[in-house]
Amino acid sequence: MPKSLMIHPQDVRKPGQIEFKPIPINQYQRKLSAELDRFASEDLLRIHRDMVIIRTFETMLNEVKIKGNFHGVEYNHRGPAHLSIGQEAASVGQAFLLGVDDHIYGSHRSHGEILAKGLSAIEKLDDATLLKTMETFFDGATLRVVEKDAKGSVKDLAIDYLIYGTLAEIFGREAGFNKGMGGSMHAFFTPFGVYPNNAIVGGSGDITVGAALFKKVNKKPGLVICNIGDASLGCGPVWEGLCFATMDQFKTLWDEAHRGGLPLIMNFVNNFYGMGGQPVGETMGFGVLARLGAGLTPDQMHAERIDGYNPLAVIDAIARKREIIANGDGPVLLDTVTYRFSGHSPSDASSYREKKEVEEWQDIDSVKTYGGSLVDAGLLGETDVAAVWERGDALVLKAYKKAIDIEISPRANLYGTGGLLESTMFSNQSVDAFETTGEPAEISIPNAENPRVKQIAKLARFGLDESGKSLPATRAVSFKDAVFESVLHRFSIDPSLIAYGEENRDWGGAFGVYRGLTEALPYHRLFNSPISEAAIAGTAVGYALEGGRALVELMYCDFLGRAGDEIFNQLSKWQSMSGGVLKMPVVMRVSVGSKYGAQHSQDWTALVAHIPGLKVVFPATPYDAKGLLNSALRGTDPVIFFESQRLYNQVEVFHTEGVPTGYYEIEIGKPDVKKAGKDLTILSIGATVYRALAAAKVLEEKYGISTEVIDARSIVPFDYSLVIESVKKTGKILLASDACERGSVLQTMAAKIGQFAFNYLDAPPVVLGARNWITPPDEIEDSFFPFTADFLDAIHEHIVRLPGYTVVRRTDTADLLRRSASGV
């Protein structure tokens, strides 16, 4: 929405037509013998060796899954194995030119890509670097297994290390590259530039965009390649990722030092099947996948179909596309034709395709035809080819025997206190700044000159006047002012921090929270994204996986569903699936609406609280918002930071010293007493704390019931100590929030309190939430959300009778049973 981009009616209404350029298809046709002037003979031989190793590795897994043994050595692998037998040329050709600064992300079918990229890295790295990598990664745990019977050079040792580390990971062993927590579909090894592979189809489609964004923003060398299947083009996040990756602003609005397209190759590994469905002719309509580039950018994403059955054709394409990216003209789309001989997995009998079709592809098996080309060129003899296969077989068998031996390769012990997963679900670290650029954080104007800072400086820090009357937000620091102060502080000291979402720049962010940041930050640190919630979340994951910190925003809580996989399966899991290798410093601000009806006024805190690996907070006061956001923005864990739209103009009324101007933190997980009491406890989440206080006032003034009101502030983690101490005193507790009562976080908390404080309770914990309906229009919202009368009704019916009180609305046990039976 920058004013510099004028939209003139005379321009957009004039007649014309769009011209498309031809998209190249399989243009590389050179014979291997014609490439001897471009490639050293040892490189051509190494390509063959790498293809053979991958084929042998995948064949081993296939035999283990189908026959239960490899070369007669038995093993029952209970996990998955999605194999790439037949696709070796595409993987090896892609990796040939890549260095460790070039990062690949893949799919559930990426064993071959891991090995190809790893073998390429081993060839390029010097011995000292290889040794240091192996010795320091997990303190040498993987190295210790392979070095005992190692023979040959350091590079030979590194090859053993790569094959064993990958296989140990697939078999769930602690010496695996991710301590066995990633397994077959998620294995990776970042020191060689192999980044997370993804079990969700198309899962890397937006994550890689964030990875490339990290390289662009922080001026890092190398490119990013997204390896996903052709069928993933039916997945929404892939399209959202493509739209995000091709935003015009990278080439039009960003400053000169950062201007240019993202260093990204979207490589569709086109084996013509999505499980049993065929994208061409059945489940999709593009015919030739490469044509899709024409629909995304005027340069058609430099789209091209290449022959992934010829490793030299793939190398040629990668060389040309690297040059395009180096010139700032990315991203690039590749349609890499290949074929898998095996089924989707070993349990797949391929009943959806003709045996003759498979045989036609096997007749031109790229491993065999490429080996034959080497023989034809005089670089190998027939006996040499056999020797390559024998060596590949020996390498894989050696790694296999070690990986299945429970004494040599034990699994992680997850039963004891503080075990691997318990200790890696969260990293729980504090980092002031990720030093990604070697330069200080880039700010457009000094904070003291920022117009929003100047405006806030004129406001009272405490929100009550001398008579105890609340000040308006125009006269005191409000919730959104507190959020702004926290965000600006972190931007000032962390050069890696970026923020984006819908309407983050120019507009001042949703509900004006970011007003003042546009003046403070250059485009590459604060920008508007497409209306693509999945890509907003997914790119943040990729940005963090590469080593940066992202602050992203979903304008309404109701939009969490649009970003479901990226939050539930990606943001939450990579720290633990990596075995603790990776960090996830992402804060996602989510505003919880009211007055906007059924699709914009829902509290879905329970959805994210249910997902292990996410921290979840929901402050209700300016003081708490700033302190908790400071903690979140300094941490290394993913935090879903809920904010009630009801409270953006709320001033601080609890801390008499007001919202501090300086930096402070509030520990995530600690609730806070907002009002002391001795007869009844109310535990509130979010904006209901103010209605709880209103109810407490009525209880005290009319019925003499001293009520303690506790603000949860955090949902995950949550320390129950304060609540239990309160219940020991009062013997009674009501829990309240604006979330629908059924399945809410309150139900879990109530169950926990009932368990932890059973001996101190005079009555069961009572949950008060919104009705199990859609949210009605604003004019009748008070029939839906809990207000003062609802608190009193619930207390009267289920905790303690209030003398002379008349229930406003039925909420007795019989009515609750009726509602439950009706599903409402």
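Which element contributes the largest share of the lining of the largest cavity? In this predicted model, where local features need pLDDT of at least 70 and side-chain atom pairs count only at pLDDT 80 or more, totals for chains, interfaces and linings use all residues. Residues are numbered from 1 along each chain as its sequence is written, and side-chain values use heavy atoms, with hydrogens and water left out.

The largest share of that lining, three residues, comes from helix 3. A search of the whole structure finds seven cavities of 30 Å³ or more, a cavity being a set of points on a 1 Å grid over the protein atoms alone where a 1.4 Å probe fits but cannot get out, with lining residues having an atom within 4 Å of a point. The largest cavity has a volume of about 70 Å³, the volume being the space filled by probe spheres set on the points. Its lining includes Ser84, Gln87, Arg109, Glu113, Asn227 and Asn267, and two or more residues are given by each of helix 3 (88-95), helix 4 (111-124) and strand 6 (264-270). By class, this lining divides into two nonpolar, eight polar and two charged residues, where Ala, Val, Leu, Ile, Met, Phe, Trp, Tyr, Cys and Pro count as nonpolar, Asp, Glu, Lys and Arg as charged, and the others, Gly among them, as polar.

The second largest cavity holds about 60 Å³ of space; among the residues lining the second largest cavity are Asp603, Arg646, Asp738 and Phe785, and its lining has five nonpolar, four polar and three charged residues.

The largest pocket, an open set with protein on both sides within 12 Å along at least five of seven lines, has a volume of about 560 Å³. Of its 29 lining residues, Glu741, Val767, Thr811, Leu816 and Arg819 lie nearest the centre. Strand 20 (766-770), helix 26 (745-756), helix 27 and helix 28 (813-822) each supply at least two residues of this lining, and strand 20 gives the most, with five.

Helix 27 (residues 788-798) also packs against helix 24 (residues 688-703) at an angle of about 60°, with the axes 8 Å apart. The two helices are therefore oblique to each other, and the crossing of helix 24 and helix 27 is right-handed. In this contact (heavy atoms within 4.5 Å), residues of helix 24 including Arg691, Val698 and Leu699 meet Thr788, Phe791, Leu792 and Ile795 in helix 27; by class, the contact has eight nonpolar, two polar and one charged residues.

Technical notes: Axes fitted to C-alpha atoms, helices over the stretch in contact; angles between N-to-C directions. Helix = DSSP H or I, 4+ residues; strand = E, 2+ residues; numbered from the N terminus. Parallel < 35°, antiparallel > 145°, perpendicular 65-115°, else oblique. Left-handed = near helix turned anticlockwise from the far one by under 90°.
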